[in-house]
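Hi there,

Here is the structure I promised to pass on. Have a look at it first, and my notes follow below.

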Amino acid sequence: MSVFTKIKNAIFGGPATAAPASPSAAEPTPAPDDVPGPAATTAPPVGGTGQAVPKTSGASSQSPSAPSSSNATQQVDVAAQLDAAVKRSGQKLDWKHSIVDLMKALGMDASLAERKELAQELGYTKDLNGSAEMNTWLHKALLKKLSENGGKVPTELLD
């Protein structure tokens, strides 16, 4: 698993493959709640095919259910998740400015080797020496990539 994927999973909650599966697995549960009436509660076991059509098309027809699950995977508040991770760590970490602190907040290995691997994954082309320049670039590139992958990142951290 790539370093970026580990970071993304730590922030977004779970493996990348399980995140899309969870909302689709959760869709059938909200569907009966959204469909009023006793016929809807007895219909799924007997008329499962009749109910399955709305569930599969539920992403568009059941907009209250679909956006909430989509927002859960696509609009993760990165700052809130990292603030909570810092609090859980019990350390004084400045994840907003330090790639090392960001990784430590997530309980990850923030060694130079890990940062080099992450830098290569994100396309860093200069010397992989752990310099301040590399770490600053890496921090910004990581937050940008998280944003591109559905994370809500404060705009001041994306500049």
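Does Tyr 124 count as buried or exposed? At 10% relative accessibility, Tyr 124 counts as buried, where buried means under 20% relative accessible area, exposed over 50% and partly exposed in between (1.4 Å probe, protein chains only).

Before the rest, a word on the source: this is a predicted model, in which local features need pLDDT of at least 70 and side-chain atom pairs count only at pLDDT 80 or more, while totals for chains, interfaces and linings use all residues. Residues are numbered from 1 along each chain as its sequence is written, and side-chain values use heavy atoms, with hydrogens and water left out.

Tyr 124 belongs to the 1 aromatic pair of the structure. Its ring and that of Trp 137 have centres 4.9 Å apart and planes at 50 degrees, so the pair is tilted (rings of Phe, Tyr and Trp, the last by its six-membered ring, pair with centres within 6.5 Å; planes under 30 degrees apart are stacked, over 60 edge-to-face, the rest tilted). Trp 137 is partly exposed, at 31% relative accessible area.

Elsewhere, the charged end of Lys 145 sits over the ring of Phe 4, 5.6 Å from its centre (NZ of Lys or CZ of Arg within 6 Å of the ring centre and within 35 degrees of the ring normal).

As for the whole chain, 33% of its 159 residues count as buried. The chain has 11 helices and 2 strands (DSSP runs: H or I, at least four residues, for helices; E, at least two, for strands).

Best wishes
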